[in-house]
Amino acid sequence: EAVPCVECGACNLVCPTCHCFILEEAGTAESAARWRNWDSCQYPGFARVAGGANPRSRRGQRLSNRFSKKFEFFPEKAGVIACTGCGRCYEGCLGKIDIREILKIIATEEKQTD
């Protein structure tokens, strides 16, 4: 449930497996600097692309993307789940969304459909 999410990004910023960043730059043609800043897939502008389109403009889409990255994408691509189960995301979450509880609900629903 994405309703309690306030899009603060705390869950990502405390997660030991989250690694997203955004490149920032400033300066002039004579002197410029570029650096990486931590980013969060829960921020409203995270998936925005050139021209302003945003394929994940809704909060629920971003939360769903976070779960699919950790539990589908990483296992398929790297052979590991990108969640340690530590609960830091829950501790930092202002909306108190507990990824562990959501996984239990998903597992229960999958058992019921089998």
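Good morning, colleagues. Let me say at the outset that we are looking at a predicted model.

I begin with the overall architecture. The chain has 114 residues, of which 25% are buried. Its secondary structure consists of 4 helices and 2 strands, and from the N terminus on these follow one another in the order α-β-β-α-α-α. Taken along the principal axes, the C-alpha atoms fill a box of roughly 65 × 30 × 25 Å. As for the contacts, consider those between residues at least 6 apart in sequence: 48% of them join residues at least 24 apart.

Which residues form the largest nonpolar core? There are 9 of them: Cys-5, Cys-11, Leu-63, Phe-67, Cys-89, Cys-93, Ile-97, Ile-99 and Ile-102. Two elements, α2 and α4, the latter spanning 99-113, each give two or more residues to this core.

How many disulfides does a search of the whole structure find? The search returns 0. Two cysteines illustrate the point. For Cys-11, the closest cysteine sulfur is that of Cys-41, and the separation is 6.3 Å, which is too far for a bond. For Cys-20, the closest cysteine sulfur again belongs to Cys-41. Here the distance is 6.1 Å, also too far for a bond. The cut-off for a disulfide is a sulfur pair within 2.5 Å.

The surroundings of these two cysteines deserve a word as well. Cys-11 has a relative accessible area of 13%, and because buried means under 20%, this residue counts as buried. Cys-20, by contrast, is partly exposed at 30%. Setting aside neighbours within four places in sequence, Cys-11 is in contact with Gln-42, Arg-66 and Cys-89.

Gln-42 is my next subject. This residue lies in the loop between β2 and α2. Is Gln-42 buried or exposed? It is buried, with a relative accessible area of 2%. Its contacts, not counting residues up to four places away in sequence, are Cys-5, Glu-7, Gly-9, Cys-11, Asn-12, Arg-62, Leu-63 and Arg-66.

Asn-65 is part of helix α2, which covers residues 59-78. Once neighbours within four places in sequence are left aside, Asn-65 is in contact with Cys-41 and Arg-56. Its side chain makes a polar contact with the side chain of Arg-56, at 3.5 Å.

Ser-57, located between β2 (32-38) and α2, has a relative accessible area of 46%. Val-49, found in the loop between β2 and α2, likewise stands at 46% relative accessibility. For a sense of distance, Ser-57 and Val-80 are 23 residues apart in sequence, and their C-alpha atoms are 28 Å apart in space. Val-49 and His-19 are 30 residues apart along the chain, with 19 Å between their C-alpha atoms.

I close with the aromatic rings. A pair of such rings is described by the distance of the centres and the angle of the planes. A search of the whole structure finds 1 aromatic pair. Its members are Phe-73 and Phe-74, whose ring centres are 5.6 Å apart and whose planes meet at 90 degrees, so the arrangement is edge-to-face. Phe-73 is partly exposed, at 34% relative accessibility. Which residue lies over the face of Phe-73? That residue is Lys-69, placed 4.1 Å from the ring centre. A further charge sits over the ring of Tyr-90: the charged end of Lys-96, at 5.0 Å from the centre.

Thank you for your attention.

How values were computed. Residues numbered from 1 in each chain as written. Predicted model: local features only at pLDDT ≥ 70, side-chain atom pairs only at ≥ 80, totals over all residues. Heavy atoms only, no water. Buried < 20%, exposed > 50% of the residue type's maximum accessible area, 1.4 Å probe, protein only. Polar contact = N/O pair within 3.5 Å; in protein donor to acceptor, adjacent residues only side chain to side chain. Contact = heavy atoms within 4.5 Å. Core = buried A, V, L, I, M, F, W, Y, C linked by side-chain atoms within 4.5 Å. Phe/Tyr/Trp six-rings, centres within 6.5 Å; stacked < 30°, edge-to-face > 60°. Lys NZ or Arg CZ within 6 Å of the ring centre and 35° of its normal.
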